[in-house]
Amino acid sequence: MTVSEDSSWFTLRWNAGRVELLDQRLLPSEERYLLLGEVEELAVAIEGLAVRGAPAIGCAAAMGVALGAETSEAEDASGLIADLEARVIPRLASTRPTAVNLFWALNRMRETLGRLAAAPGADARTIRSGLVAEAEKILEEDKATCREIGRAGVELVPEEARVLTHCNAGALATGGYGTALGVIRAAVEAGRRVRVLADETRPLLQGARLTAWELSRDEIPVEVCTDSMAGHLMQQGEVDLVIVGADRIAANGDVANKIGTYGLAVLARAHDIPFYVAAPLSTIDLEVPDGASIPIEIRGRDEVARIGERTILPDRVGVRQPAFDVTPARLVTALVTEKGLVRPLREESIRNLFAPSD
Ligand code: MRU
């Protein structure tokens with residue numbers, strides 16, 4: 001069986017000088033695309049989670065730099081570079097602090113800018129077209145990377161498997177196919193009989209709204225449970241493995257991912273259930289020694305205090321709203337990357353992933 005070939009939708013793409021993306025805030029009730037022609041519009045879309053998930057944020061940011069170049073009023077190469085460095089890149093970098101793919105993509109676009117500017121005959125026009133080409137390349141590479149992650153993870157999935165996942169680490173969170181959901185898709189393609197349990201993922205319900213939407217589009221069996229049901233379902237023997245994505249992995253293997261992931265990892269350990277993390281190398285941040293040094297995004301009160309149009313808290317009552325938590329490396333059974341499995345997760349084996357191959 002081949003899955004995720006449902007070409008009737010896409011996460012994001014470059015479309016004739018603008019960035020087109022599926023507005024994930026409206027799913028599953030509405031499938032509407034935004035066509036964004038200004039960097040500020042794209043930055044607001046990233047902040048508001050119209051596009052979200054670490055690799056997709058990286059792809060969107062790369063396209064944001066291309067968009068900034070296309071819309072810049074600068075007439076020559078040096079004016080264009082100055083505008084991108086002073087206005088465009090800092091604005092995009094300010095959108096979301098935890099997903100390191102954002103900074104990875106901006107660095108790659110900055111390096112490309114330097115290379116394009118140093119090329120013989122470089123001018124504003126060649127720099128603009130070179131940045132658009134690089135952003136499109138980053139998107140295509142991300143899709144291919146997800147396929148490789150999927151292939152690497154198949155061996156972790158038994159012939160018949162009930163798989164619990166959290167948040168959305170799927171096609172919607174990447175250029176396409178997904179990381180954690182990429183492993184699930186690849187396992188289904190390899191003939192495994194997989195049933196997915198999707199944590200609803202309070203407060204913004206990425207599991208209920210997005211994971212359930214994209215898996216059901218691919219006809220992969222999926223049921224949604226509230227976050228607080230996971231322990232009970234594990235205790236009842238209803239979960240064979242847990243697989244999640246990541247927003248940033250520190251050099252020692254600690255994993256920042258959607259709030260609630262740490263609790264799941266503790267529960268999985270208590271029930272002797274394997275806990276896997278699937279992520280591309282662009283999610284690994286060797287500059288950050290451990291999880292305690294990963295910046296955790298704190299989001300606004302309304303995301304907890306309201307459900308849809310309804311306020312569910314008394315007035316004047318505060319909320320706690322960390323959007324991510326950190327799972328210590330020791331609770332991760334294996335990391336699935338495009339370069340294969342890392343098991344157990346240790347600093348040395350993580351650094352080896354970046355060693356040049358012969
Ligand atoms: O706040 P979000 O929806 O951007 O959080 C997304 C996650 O936590 C995902 O699990 C992570 O980015 C991995 S996506 C392949």
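How many salt bridges does the structure hold? I counted through the predicted model and got 23 salt bridges.

**Salt bridges**

I took individual pairs next. Asp23 and Arg25 meet through their side chains at 2.9 Å, N to O. Asp23 is buried at 3% relative accessible area, whereas Arg25 is partly exposed at 43%.

I then looked up Glu141 and Arg108, whose side chains form a salt bridge at 2.8 Å, N to O. Glu141 sits in helix H5 (residues 124-153) and Arg108 in helix H4, so this pair ties together parts 33 residues apart in sequence. Glu141 is partly exposed, at 31%. Arg108 counts as buried, at 17%.

Arg248 and Asp285 make a salt bridge at 2.7 Å, N to O. It links strand E8 (residues 248-250) to strand E11 (residues 284-285), with the two residues 37 apart. Arg248 is buried at 6%, and Asp285 is buried at 9%.

I also noted a salt-bridge network that links Arg96, Glu297, Arg299 and Glu303.

**Helices H3 and H4**

I checked how H3 (residues 77-93) and H4 (residues 100-118) are arranged. Their axes come within 11 Å and cross at roughly 170°. Angles over 145 degrees count as roughly antiparallel, and H3 and H4 are therefore roughly antiparallel to each other. The contact has 10 nonpolar, no polar and 2 charged residues. Among them are Ile81 and Glu85 in H3, and Phe103 and Arg110 in H4.

**Strand E7**

Which strands pair with E7 (residues 241-244)? I found E4 (residues 160-165), parallel over 2 bridges, and E10 (residues 275-278), parallel over 3 bridges. Val163 stands opposite Leu241, and Val277 is the bridge partner of Val244. Both faces of E7 are covered: Leu241 and Ile243 on one side, Val242 and Val244 on the other, are all buried.

How values were computed:
Residues numbered from 1 in each chain as written. Predicted model: local features only at pLDDT ≥ 70, side-chain atom pairs only at ≥ 80, totals over all residues. Heavy atoms only, no water. Axes fitted to C-alpha atoms, helices over the stretch in contact; angles between N-to-C directions. Helix = DSSP H or I, 4+ residues; strand = E, 2+ residues; numbered from the N terminus. Parallel < 35°, antiparallel > 145°, perpendicular 65-115°, else oblique. Contact = heavy atoms within 4.5 Å. Nonpolar A, V, L, I, M, F, W, Y, C, P; charged D, E, K, R; others polar. Buried < 20%, exposed > 50% of the residue type's maximum accessible area, 1.4 Å probe, protein only. Pairing = 2+ DSSP bridges. Salt bridge = Lys/Arg side-chain N within 4 Å of Asp/Glu carboxyl O.
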